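These are my notebook entries from a first look through a structure that was new to me.

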Amino acid sequence: MATLDQCRAALDRLAHNLASADGEVRSATALDRSVSCRITDLDTTFVGRLADGSLRDVICVAGPPPQKAEIRLAMAGDDLVALVDGRLNFARAWGSGRVKLEAGLRDLLRLRALL
């Protein structure tokens, strides 16, 4: 089971990857939306903002997120680490229910480039 520190490091790597992306990925992340990533097995949620192609102001809170984010992810810590490391395919994980993604239809259409 991934630790809280490993999950935080994975989110930091994801933030770095998003900030250095270009092309379709860069345009897909050029939103200004609140984001939450619930780590189900650790009963912890990372909340922050996706803005101008990067994750910003990410903080960790115990339990569920204090407010409903515009883009919501939920998964086990091991799955977060595997996704960011490229060992788990997001589309397959989402399709199988290992990763849950909730967002408005317009955001889902823009984010499909990340899948």
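**Entry 1: a helix to begin with**

I began with helix H3 and found Gly77, Asp79, Leu80, Val81, Ala82, Leu83 and Val84 buried. Buried here means under 20% relative accessible area, exposed means over 50%, and partly exposed lies in between (1.4 Å probe, protein chains only). Helices (H or I, at least four residues) and strands (E, at least two) are DSSP runs, numbered from the N terminus.

This is a predicted model, where local features need pLDDT of at least 70, side-chain atom pairs count only at pLDDT 80 or more, and totals for chains, interfaces and linings use all residues. Residues are numbered from 1 along each chain as its sequence is written, and side-chain values use heavy atoms, with hydrogens and water left out.

How many residues of H3 are buried? I noted 7 of the 9, so H3 is largely enclosed by the rest of the structure. Its buried residues pack against H1, E1, E4 and H4.

**Entry 2: the nonpolar core**

Next I looked up the largest nonpolar core, which has 25 residues. Such a core is a set of buried Ala, Val, Leu, Ile, Met, Phe, Trp, Tyr and Cys residues joined through side-chain atoms within 4.5 Å. Which members touch the most others? They are Ile71 and Leu80. Two or more residues each come from helix H1 (4-19), strand E1 (32-39), strand E2 (44-51), strand E4 (71-75), helix H3 (77-85), helix H4 (90-96) and strand E5 (100-103). H3 gives the most, with 5 residues.

Leaving out residues up to four places away in sequence, Leu80 touches Cys7, Ala10, Leu11, Cys37, Ile39 and Met75. A contact means heavy atoms within 4.5 Å.

**Entry 3: the sheet**

In what order do the strands lie? I read E3-E2-E1-E4-E5, 5 strands in an open sheet with mixed pairing. Two strands pair if DSSP finds at least two bridges between them. Strand E3 (54-62) and E5 are the edge strands, each pairing on one side only. From one strand to the next the twist averages 15 degrees.

I checked two of the pairings. E1 and E4 run parallel and are joined by 5 bridges, and Ser36 stands opposite Arg72 in E4. Two helices pack on the sheet. H1 touches E1, E2 and E3, and its direction makes about 165 degrees with that of E3. H3 touches E1 and E4, at about 110 degrees to the direction of E4. These angles run from 0 to 180 degrees between N-to-C directions, with axes fitted to C-alpha atoms, for helices over the stretch in contact.

E4 and E5 pair in the antiparallel sense over 4 bridges, and here Ile71 stands opposite Ala103 in E5. In a regular strand the side chains alternate between the two faces of the sheet. I found that E5 has a covered face with Leu101 and Ala103, and an uncovered one with Lys100 and Glu102.

**Entry 4: two threonines in E2**

I looked up Thr44, which is in strand E2. Its relative accessibility is 8%, so Thr44 counts as buried. Its side chain reaches the backbone oxygen of Leu42 at 2.9 Å. That is a polar contact, a pair of N or O atoms within 3.5 Å; within protein, one must be able to donate a hydrogen and the other to accept it, and residues adjacent in sequence count only if both atoms are side-chain atoms.

Thr45 is also found in strand E2. Is Thr45 buried or exposed? With a relative accessible area of 0%, Thr45 is buried. A polar atom of its side chain lies 2.7 Å from the backbone oxygen of Gly63. Beyond its neighbours within four places in sequence, Thr45 has contacts that include Ser36, Ile59, Pro64 and Pro65.

**Entry 5: positive phi**

Asp43 has a phi near 50 degrees. Asp43 sits in the loop between E1 and E2 and is partly exposed, with a relative accessible area of 42%. Asp57 has a positive phi of about 50 degrees although it is not a glycine. Asp57 lies in strand E3 and counts as exposed at 65% relative accessibility.
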